[in-house]
Amino acid sequence: MSGYRLAAGGRIDRSRPLAFSFDGQGYQGFAGDSLASALVASGVTLFGRSFKYHRPRGLVGMGPEEPNALVTVDRGPARITPNLRAPQVALHDGLQAKSQNRWPSLKFDVAALNDVFGALFPAGFYNKTFMWPRSAWEKLYEPVIRQLAGLGDSPVARDPDHYDATYAHCEVLVVGGGIAGITATLEAAAHGGRVILIDEQDELGGGALADPVQWAALDALKEKLAAAGNVTVMTRTTAFGYYHQNFIGATQSLTDHLAPADASGPRERLWRIRAGEVVLAQGAIERPLVFNGNDVPGVMLASAGRMLALRYGVAVGHAVVVMAAHDSGWRDALALAGAGVHVAAIIDVRNVVGADLADAARDAGIAVHIGCAITAVHGRHAVTGVTFAANGTGPACKLACDAVLMAGGWTPSVHLWSHAKGSLTWSEAWGAYLPGTPIENCRAVGAGAGAWDMGHGVVTAVLPSHIDVRAQKAFVDFQNDVKARDIHLAVQEGMRSIEHIKRYTTNGMATDQGKTSNLNGLQIASAALGRPVEQIGLTTFRPPYTPQTFGALMGHHKDALFQPVRKSPIDEWATEHGAVFENVSNWRRARYFPRGGEDMDAAVLRECAAVRRSVGIFDASTLGKIEVVGPDAAEFLNRMYTNPWKGLQPGRCRYGLLLREDGFITDDGVSARMADDRFHLTTTTGGAARVLGMMEDYLQTEWSDLDVWLTSTTEQWAVIALQGPRARDVIAPLVSGIDLGAEAFPHMAVREGTIAGVPTRLFRVSFTGELGFEINVPASEGRKVWEEVWDAGQAHGITAYGTETMHVLRAEKGFIIVGQDTDGTMTPYDMGLDWAVGKKKPDFVGKRSLARPDMGLPGRKQFIGLLTEDPQDLLEEGAQVVADPDAPMPMPMIGHVTSSYRSAALGRTIALAVIADGRARIGQTIFVPMPGKVIRATVTAPMFYDAEGSRLNA
Amino acid sequence: MILIHCPYCEEDRPEVEFTYGGEAHIARPLDPGALDDRQWETYLYIRRNPRGAHAERWRHAHGCARFFNAVRDTVTDRFEVTYKTGEPRPAGDTK
Ligand SMILES: [Zn+2]
């Protein structure tokens with residue numbers, strides 16, 4: 001127990017007590033408190049356990065830089081938020097918070113043994129140790145590491161809150177509401193135009209909130225802000241990212257500071273702000289000092305001690321020692337003394353300190369030890385005293401105390417400045433980087449720009465000590481448990497760039513992004529390398545400035561609004577008829593239509609059999625469709641597709657194979673010539689936009705001399721596939737203006753007429769191997785025509801089928817699905833589609849690449865069929881194929897299964913695969929190793945049904 | 001979120017309306033069959049990837065659907081200039 005509430009002072013409202021709990025124990029604070037100030041006032045010193053060593057940890061800072069005091073706030077089921085920084089959690093009545101990363105309790109933590117055996121966990125330990133074997137990772141390392149090392153737990157229930165999102169535009173955006181930010185806001189407002197001022201805290205004021213001398217001036221400034229008609233002030237709003245062209249992302253917290261019963265409306269609001277000019281007034285963050293024992297609870301930043309005393313009326317201890325390397329520590333000590341906190345001593349590592357400061361300290365009754373450094377901090381769960389010595393090496397002096405304040409100088413907050421890629425300039429005086437030249441229309445003001453009198457100081461790497469740095473518990477990154485010795489070790493092991501040192505030690509890689517550790521880490525690396533800091537580099541700051549909720553980033557984009565669901569005109573009919581759906585790109589497609597208690601396998605076997613026996617009806621409306629029109633349409637398609645198009649007669653269809661310029665298959669589809677200057681193209685469901693974009697690219701940028709127009713018609717046509725030996729009989733009574741006879745209307749022909757009174761482009765095509773039609777009608781008439789065909793089909797035993805049956809039927813015929821049987825590395829030859837490549841064409845997209853030497857090398861994967869030895873064994877799609885299951889590990893893999901189904905027609909399973917030199921292996925046995933067994937299969941041609949095509953042409 | 005100036009629409013529009021199209025001013029050979037393997041490889045795969053000003057293709061996919069060219073600084077992401085397909089890369093890279 002060390003901290004306590006001062007009798008007077010602070011900005012809290014002592015007339016409004018608030019009850020709250022921490023780790024189940026009840027406490028009391030006041031309105032205006034943060035969780036951190038209320039806990040310190042209640043005597044709490046232990047806030048959490050560190051990430052790696054599980055060392056007991058206390059509060060370090062009173063702002064976003066806080067590395068240790070991360071808590072989980074519980075606002076009821078599903079409203080559990082982990083990893084909140086206690087100083088940034090506003091206190092409200094009934095607040096329930098828990099510490100993290102401890103088991104079973106904060107005071108007794110089993111994993112603190114990591115600390116006892118800390119020598120076993122040096123930098124790079126994870127990289128070096130947990131490497132092999134893989135099974136140990138899955139069964140041992142990962143579960144143990146997850147159990148012992150981690151932040152708070154994610155909530156498991158669905159987040160019931162909703163999150164708003166909006167935009168704002170302004171002439172000037174000011175980030176940071178301290179004196180500098182408010183002043184900049186008022187200056188900007190005087191020019192007219194919209195000005196927005198945002199600040200992450202509950203109230204404006206920044207550092208001035210810890211300086212009562214400035215409160216009157218602060219109030220006057222706030223009145224001016226309120227009086228300006230063109231200023232919008234948003235508090236509890238964090239600018240987390242600064243993006244191009246003065247685009248700022250900010251999250252406004254709306255309800256977390258209220259008791260759950262008082263909260264209504266969205267929890268947070270994401271602001272996307274575009275500003276003419278951005279003014280960054282983010283202030284500066286105090287640097288800890290690196291010395292042995294600097295992480296014992298009760299050791300914190302001097303600025304935090306000051307903020308606690310003067311803003312919140314809380315003393316950090318009954319006997320406070322200040323360890324300073326900077327004048328600001330003296331000023332803070334004097335301010336604390338003035339507020340009634342007993343400051344036992346100021347220890348300053350410098351040999352010379354301004355006489356005014358020294359005199360003022362002595363006048364305040366504070367002992368002063370110049371040229372000294374702390375070499376040990378006593379106490380485990382709380383500070384009980386320190387040992388210090390002249391220059392760290394002189395005779396040891398012991399001093400009893402219950403709090404140590406570190407004043408290591410100041411680091412301007414250049415996070416947002418760096419997000420916007422502004423340059424940084426090393427300042428010897430600050431021992432830190434300052435904003436240099438911006439790229440955006442942006443400027444920095446106040447302490448964040450180095451334009452603030454924080455006093456003088458020296459920059460130290462590690463405080464001088466008689467103890468070797470490798471034996472010191474001198475922490476640099478509190479949250480990631482990085483010690484000074486780890487940085488030395490990284491340098492010793494050959495790291496030179498700060499980027500490497502960072503990744504090796506994880507310094508600055510915790511959720512605080514090194515707000516307190518980056519500069520100290522740099523100084524230590526600089527000393528270890530014997531090179532100036534400026535030559536070692538600086539790691540890059542990236543958004544977000546502080547951790548943000550996923551909810552705020554998602555906003556309204558969840559559930560039905562997460563991604564648009566595209567539905568065909570037949571979708572409602574399918575729903576009414578019990579379809580089970582699947583998503584195919586953004587489309588929702590009927591996968592199968594179960595009857596009774598059928599599972600998918602049973603339904604698909606029944607649907608497949610029905611199509612081959614009589615007739616099936618299938619919604620193919622999602623097929624991509626492009627209308628290609630113009631005098632050069634045939635020439636254009638001839639250049640795009642592998643096969644010839646110029647000789648295709650109107651009324652005829654052709655299978656088109658589309659390559660990328662690198663020779664690999666990217667799409668396919670059947671297209672029809674409607675007239676000399678008009679084609680009806682189809683693409684794969686997922687490829688429609690890509691194919692249109694690719695064709696537009698060639699048309700606009702390579703062949704702009706061609707007179708061709710491309711129009712996406714995917715959503716204009718409903719496509720009803722009618723497949724099976726009775727297909728013609730079903731539509732015959734409905735069709736007029738078209739001779740449906742086999743000779744008048746052969747396979748791969750197209751006719752225009754009407755069906756059920758609706759104009760149609762009727763294709764005679766088949767993706768099943770059966771006699772088939774694809775009835776294209778305007779989408780608005782799709783459901784009407786579908787139902788007429790459905791009714792007409794009843795007499796013929798018509799069966800609705802879905803995408804799964806479509807897949808099986810096409811696989812029985814060896815028809816490929818681009819993207820399933822191909823993967824972006826397959827040529828037409830690989831897929832056995834030589835027949836679709838126009839040998840006499842001088843050029844088409846991808847042709848030249850097909851002649852590259854590597855395209856003809858032996859060993860390329862080729863498309864083949866597989867029949868398992870046991871006809872009921874179903875191979876897994878994606879399973880690897882090997883030639884010799886007894887080959888030593890790592891076993892050479894010769895290919896993989898691309899499609900695998902149960903075939904009703906064959907009464908057994910079938911599969912398609914791509915395997916090295918597959919066509920030469922036809923008739924041979926290959927092996928598919930699976931957990932617990934090896935499946936034997938015979939390589940076949942990729943054609944399992946009606947190879948001669950007699951059914952198709954019926 | 002970058003604003004990109006479409007030279008056809010003559011509007012600054014948000015980047016989500018656009019798609020990227022790789023390096024600009026690489027014309028497809030008129031007779032690919034006349035190129036040897038090395039020449040074809042150069043056309044197909046070899047790109048400048050500069051640090052700094054880069055002439056590249058963009059498409060106003062969710063707008064006028066036109067392809068156009070831009071000079072963008074790959075360090076700062078700043079668009080120096082955008083211009084219509086077929087126009088030469090402007091001398092100097094400033095607006
Ligand atoms: Zn445009």
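**A covered helix**

Author: Happy to. Let's start with helix H21 (residues 803-812) of chain A, which is mostly covered: 10 of its 10 residues are buried. Keep in mind that this is a predicted model.

Reader: Which residues in H21(A) are buried?

Author: The buried residues of H21(A) are A:Thr803, A:Glu804, A:Thr805, A:Met806, A:His807, A:Val808, A:Leu809, A:Arg810, A:Ala811 and A:Glu812.

Reader: And what covers the buried residues of H21(A)?

Author: Among the elements of chain A that cover them are helix H16 (600-613) and several strands, including S31 (580-584), S32 (587-592) and S33 (616-619). Strands S47 (895-903) and S48 (908-916) of chain A are also part of that cover.

Reader: Which residue with a positive phi follows H21(A)?

Author: That is A:Gly814, with a phi near 75°.

Reader: OK, zooming out. How many helices and strands does chain A have?

Author: Chain A has 22 helices and 50 strands. Its C-alpha trace spans about 115 × 70 × 55 Å along the principal axes. Of the 954 residues in chain A, 58% are buried.

Reader: What about contacts in chain A between residues at least 6 apart in sequence?

Author: In chain A, 66% of those contacts join residues at least 24 apart.

Reader: How far apart are the mean positions of the positive and negative charges of chain A?

Author: They are 3 Å apart, taking 90 positive and 101 negative charges in chain A. As for its surface, chain A exposes about 37500 Å², with carbon and sulfur atoms supplying 55% of it.

Reader: Switching to chain B. What pattern does chain B follow along the sequence?

Author: Chain B reads β-β-β-α-β-β-β, with 1 helix and 6 strands. Its C-alpha trace spans about 40 × 30 × 25 Å along the principal axes, and 41% of its 95 residues count as buried.

Reader: Is B:His60 buried or exposed?

Author: B:His60 is buried, because its relative accessibility is 2% and the cut-off for buried is under 20%. B:Cys9 is partly exposed, with a relative accessible area of 33%.

Reader: Last one: where does A:Pro260 lie?

Author: A:Pro260 lies in the loop between strand S13 (247-253) and strand S14 (268-280) of chain A. At 40% relative accessibility, A:Pro260 counts as partly exposed.

Reader: What is A:Pro260 in contact with, leaving aside its neighbours within four places in sequence?

Author: With those neighbours set aside, A:Pro260 is in contact with A:Arg75 and A:His92. If you'd like a distance as well, the C-alpha atoms of A:Pro260 and A:Glu869 are separated by 64 Å, and these two residues are 609 residues apart along the chain.

Note on methods
Residues numbered from 1 in each chain as written. Chains lettered and ligands numbered in written order. Predicted model: local features only at pLDDT ≥ 70, side-chain atom pairs only at ≥ 80, totals over all residues. Heavy atoms only, no water. Buried < 20%, exposed > 50% of the residue type's maximum accessible area, 1.4 Å probe, protein only. Helix = DSSP H or I, 4+ residues; strand = E, 2+ residues; numbered from the N terminus. Contact = heavy atoms within 4.5 Å. Areas by Shrake-Rupley, 256 points an atom, 1.4 Å probe, with all protein chains shown as cover. Lys, Arg positive; Asp, Glu negative; His and termini not counted. Charge placed at Lys NZ, Arg CZ, Asp CG, Glu CD.
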